[in-house]
Amino acid sequence: MVAETFDLKFIIDILPRVLKALPTTLYITAWSAIFGWLFGLVFTFARISRYKVLSGAIGVCTTVIRGIPTVVLLYLVYFGLPNLLRGTTGIEISQWEKTTFVIIAMALELAMTSSEMFRSAYNSLDKGQLEAAHALGMTRLQRFRRIIFPQGLYVILPNLSSAALALIQGTSLVYTLGVMDVLGRARQINSNEFGLKSLEAYIAVALIYWAFSFVITCLFKLLERWFGRGLKTVASSTST
């Protein structure tokens with residue numbers, strides 16, 4: 001075994017090369033978050049609906065998906081979804097890009113975990129406000145936009161921040177499907193160096209993920225302050 005000598009200059013040199021793969025990581029993260037949170041809301045409405053069968057089915061799916069490791073779910077979607085659609089509908093999707101399957105898998109996992117967060121936030125709301133809004137003739141959409149969404153979002157923002165960080169970290173697994181993300185690019189560079197720069201390559205990846213996570217954390221803190229200030233303004237106006 002050849003002993004490695006730590007090379008700080010190598011980290012500085014490869015950072016720009018590794019960053020060229022960052023758009024792929026950002027693309028996967030962004031679309032997974034959008035679809036994951038949108039479908040999370042849909043699943044939440046299904047869970048709190050009066051249709052017990054639908055609510056129970058979503059609950060079972062949530063339990064199953066949350067119990068499957070991310071990397072296993074990636075493989076299940078990548079290999080299983082084309083076979084499932086081909087066998088049931090005759091639709092062929094095996095020619096889709098790998099990033100599409102990655103987004104489906106990660107969005108599905110995020111949707112199931114987020115639906116439980118959204119449901120908890122909904123249950124924490126003062127039901128008296130909803131009853132008053134209903135008495136005033138507000139539609140369901142108006143109640144959601146004016147009462148449920150702003151108050152529920154403020155309650156759930158810390159959990160959403162944690163979910164976003166978990167999603168970002170989960171993208172580090174997509175290289176196992178051959179997607180050339182940040183980690184995949186770093187592993188490729190290290191392979192070109194005959195595996196002698198493993199520590200430097202992984203430090204470069206760690207710095208990129210840390211910076212990415214730091215930006216997301218700061219963004220959610222700003223959102224918490226903004227929504228918190230808005231709720232305090234509403235509360236002070238109603239008390240006077």
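## Salt bridges

By the rule used here, in which a side-chain nitrogen of Lys or Arg lies within 4 Å of a carboxyl oxygen of Asp or Glu, the count comes to five salt bridges. The model is a predicted one, in which local features need pLDDT of at least 70 and side-chain atom pairs count only at pLDDT 80 or more, while totals for chains, interfaces and linings use all residues. Residues are numbered from 1 along each chain as its sequence is written, and side-chain values use heavy atoms, with hydrogens and water left out.

One of these bridges joins the side chains of Asp-7 and Lys-197, at 3.5 Å from N to O. Asp-7 belongs to the segment before α1 and Lys-197 to the loop between α8 and α9, so that the pair links distant parts of the chain, 190 residues apart (helices are DSSP runs of H or I with at least four residues, numbered from the N terminus). Lys-197 counts as buried at 16% relative accessibility, whereas Asp-7 is partly exposed at 27% (buried means under 20% relative accessible area, exposed over 50%, and partly exposed in between, with a 1.4 Å probe and protein chains only).

## A bridge within a helix

Lys-9 forms a salt bridge with Asp-13, their closest N and O atoms being 2.9 Å apart. Because the two residues stand four places apart in helix α1, about one helical turn separates Lys-9 from Asp-13.

## The end of α8

In helix α8, which spans residues 182-192, the buried residues include Val-182, Leu-183 and Ile-189. Phe-194, which follows α8, has a positive phi near 60 degrees.
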